Amino acid sequence: MKSICSALEEVRQEDTTYPAYVYGPAVSPSARRDERAMEICEGMIDISAALFNVSSKDLRQGGRSAAQITRVRQIAMYVTHTILQLSMKEVGRCFGRDRTTVVYACKTIEDLRDDPDFESVLAMTENIAIAAFRNRLEV
């Protein structure tokens, strides 16, 4: 008795018009990268929400937010860009924001790093992100 894989291979060779769902969808490298970026951002949003005791729903919400929510989102975007190495465009798309908003968030967080208390909180967030996404970081 033939295995299912060998039977499918024979069908592929005989009929090239066989429906795509039999072979599985073709996934482009850019679609794979978008999916990876979304997974990383979603994880970083959840981590930030837990660390700073805010609702992840609030962090994902579009439009203006309270100052506390905005700051946590800025930290998450900053860490996602600088530590997890996603482009500003990817971070913006995943966070439901524009690339220029990510630029502003990164600049704001860089300016706040002068404060030792803020620096320690940011370093803790960066270390947690590194630990959480160790296997997802590009070498």
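Q: How do the residues lining the largest pocket divide into nonpolar, polar and charged?
A: This is a predicted model. The largest pocket has a volume of about 150 Å³. Its lining includes Met77, Thr70 and Arg73. By class, the lining divides into three nonpolar, five polar and three charged residues.

Q: Which helix supplies the largest share of the lining of the largest pocket?
A: Two helices, α5 (67-82) and α7 (99-112), each give at least two residues to this lining. Four residues make up the largest share, and they come from α5.

Q: Is Asn53 buried or exposed?
A: Asn53 sits in the loop between α3 (29-52) and α4 (56-60). Its phi is near 55°, a positive value in a residue other than glycine. Most residues other than glycine have a negative phi. The cut-off for exposed is over 50%, and Asn53 has 69% relative accessibility, so Asn53 counts as exposed.

Q: What is the phi of Gln85 near?
A: Gln85 is found in the loop between α5 and α6 (88-95). Gln85 is partly exposed, with a relative accessible area of 41%. Its phi is positive, though Gln85 is not glycine, and lies near 60°.

Q: How many salt bridges does the structure hold?
A: Side chains of opposite charge can pair when their charged atoms come close. The structure holds seven salt bridges.

Q: How many residues apart in sequence are the parts that Arg33 and Glu90 tie together?
A: Arg33 and Glu90 form a salt bridge, with their closest N and O atoms 2.9 Å apart. Arg33 lies in helix α3 and Glu90 in helix α6, so the pair ties together parts of the chain that are 57 residues apart.

Q: Which helix holds Arg60, the partner of Glu42?
A: Glu42 and Arg60 form a salt bridge, their closest N and O atoms being 2.6 Å apart. The pair links distant parts of the chain, 18 residues apart: Glu42 is in helix α3, and Arg60 is in helix α4.

Q: Where does Arg113 lie?
A: Glu126 belongs to helix α8, 13 residues away, while Arg113 lies in the loop between α7 and α8 (116-132).

Note on methods. Residues are numbered from 1 along each chain as its sequence is written. This is a predicted model: local features need pLDDT of at least 70, side-chain atom pairs count only at pLDDT 80 or more; totals for chains, interfaces and linings use all residues. Side-chain values use heavy atoms; hydrogens and water are left out. On a 1 Å grid over the protein atoms alone, a cavity is a set of points where a 1.4 Å probe fits but cannot get out, and a pocket is an open set with protein on both sides within 12 Å along at least five of seven lines; lining residues have an atom within 4 Å of a point. Grid points are joined across faces, edges and corners, and a volume is the space filled by probe spheres set on the points. Ala, Val, Leu, Ile, Met, Phe, Trp, Tyr, Cys and Pro count as nonpolar, Asp, Glu, Lys and Arg as charged, and the others, Gly among them, as polar. Buried means under 20% relative accessible area, exposed over 50%, partly exposed in between (1.4 Å probe, protein chains only). A salt bridge is a side-chain nitrogen of Lys or Arg within 4 Å of a carboxyl oxygen of Asp or Glu.
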